[in-house]
Amino acid sequence: MASVTRPYKSELKPKIRVAGGFDWFDGLTWAMLVAFLLTFLFVAIAPTDETLKYSQRIFYFHLPANIMCFAAFFAYFVGGIGYWRTRQRKWDILMVSGLEVGIFFAAIGIGTGSIWARYAWNTFWTWDPRLTTVTIMLVVYLAGLMLRNATEDPARKAALSAAFGIIGFIDVPIVFFSTRWFPRGLHPVIFLNGDNGNTNTLGLEGFMVVTLITGMVAMALLFVWLLVQRMRLEKMRDDVAALAYSIQEEN
Amino acid sequence: MLLQLSVILLQTPPAAGSSQVESGFNFVIAAYAVVWILVFGYIYTLNRRQARLRRDIQTLQAEENERKQQLNSNQEQS
């Protein structure tokens, strides 16, 4: 608490307004809701895959969730580098927010993937290279979160988190390329080279691509929304600490 | 148009006679349930943590105001 010097801000939920009185966070919330509604509609009317039948529709949330997981861990990585260079609290806030949101999206990716695997591979779990590397990634980041929570000193906590965020990010490209590096696994390569006769690099046809893009937009908006909310939570913690500190100083 | 859309939506899931397990329809429902349980669960915890901090801020703010009032009254008396 003694290290907190930032003055208390009376406005708990700051509304950043641009000319015309538009609240960007309300706009983001509405855009996210509309995107999710459209995704559900498109998922319902999208053509059914011949091999995976109706279960293929899990893909429209499974892939975007995993991409947002990578994006969140990338935010953690950027926050780590920023903190390492500047030692500013704003980078620490980005780190902890990216870490928590990344774990959340990883849980969605693993949960949906596991259910889909039960249909496609007849098992909820197998030690396929992709699944194994994802599990290692999740365990590494969970360990990072536990380490962070176990440390009391704020500066030490942030420094440890930064080191963890930078080193831990090594696992993210390993997860992405695992299907290429270990092609014997069950998990398919998602982004193909486009020369295998499919209509595009994803192997999807027509309206399936539209549905996937809509799902991607919805998940991206959810990612930004959650990240902003998580960052606000951390700023409120700062406000509490600053207020408690000023009361302590007066005494 | 709405009627056409509702017809499409009703026709899209597997027909009543076909095996829903075989088509993977049940798995889609299960996967989407997992997504929404996780999304609402996380939003709930975020909201609860924010509410707790908001309460803390209000308590501390009230304490600070009370202290300031007391300080002012002491100054007036002296």
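Predicted model: local features only at pLDDT ≥ 70, side-chain atom pairs only at ≥ 80, totals over all residues.
Helix α4 of chain A covers residues 129–150, and helix α6 of chain A covers residues 171–181. Their axes come within 8 Å and cross at roughly 170 degrees. Anything over 145 counts as roughly antiparallel, so that is what α4(A) and α6(A) are.

Who does the touching? From α4(A) we have Pro129(A), Arg130(A), Thr133(A), Val134(A), Ile136(A), Met137(A) and Val140(A). From α6(A), the partners include Asp171(A), Val172(A) and Ile174(A). If you sort the residues of this contact by class, you get eight nonpolar, three polar and two charged.

Now over to the other chain. How many residues of chain B are in contact with chain A? It's 28, and they meet 30 residues of chain A. On the chain B side, α1, residues 2–11, and α3 each give at least two residues. The largest share is from α3(B), with 22 residues. By class, that side of chain B has 17 nonpolar, five polar and six charged residues.

Let's zoom in on one helix pair across the two chains.

If you want to find the spot on screen, look in α3(A) for residues including Phe104(A), Ile108(A), Gly111(A), Ile115(A) and Trp116(A). In α3(B), the residues they meet include Phe27(B), Val34(B), Leu38(B) and Tyr42(B). This contact has 13 nonpolar, two polar and one charged residues.

Next, the inside. In soluble globular proteins, nonpolar side chains tend to be buried together. Which residues touch the most other members of the largest nonpolar core here? They are Ala72(A), Phe105(A) and Phe223(A), in a core of 63 residues. The helices giving at least two residues each are α1, α2, α3, α4, α5, α6 and α7 of chain A, together with α3 of chain B. The largest share, 18 residues, comes from α3(A).

Take Phe223(A) as an example. Leaving out residues up to four places away in sequence, Phe223(A) touches Met68(A), Ala71(A), Ala72(A) and Val101(A). There's also a second, separate core of seven residues, and its members include Val240(A) and Leu243(A) from chain A plus Leu53(B) and Ile57(B) from chain B.

Last stop: two loop residues. Arg87(A) has a phi near 60 degrees, which is positive, and it isn't a glycine. Arg87(A) sits in the loop between α2 and α3 of chain A. Asn122(A) isn't a glycine either, and its phi is positive too, at about 65 degrees. You'll find Asn122(A) in the loop between α3 and α4 of chain A.

Why does Asn122(A) count as exposed? Because Asn122(A) has 8 C-beta neighbours inside 10 Å, and the cut-off for exposed is 12 or fewer. Arg87(A) has 13 C-beta neighbours inside 10 Å, so Arg87(A) counts as partly exposed.

That's my tour, thanks!

Terms used: Residues numbered from 1 in each chain as written. Chains lettered and ligands numbered in written order. Contact = placed C-beta atoms within 7 Å. Helix = DSSP H or I, 4+ residues; strand = E, 2+ residues; numbered from the N terminus. Nonpolar A, V, L, I, M, F, W, Y, C, P; charged D, E, K, R; others polar. Axes fitted to C-alpha atoms, helices over the stretch in contact; angles between N-to-C directions. Parallel < 35°, antiparallel > 145°, perpendicular 65-115°, else oblique. Core = buried A, V, L, I, M, F, W, Y, C linked by C-beta atoms within 7 Å. Buried ≥ 20, exposed ≤ 12 C-beta atoms within 10 Å, placed from the backbone.
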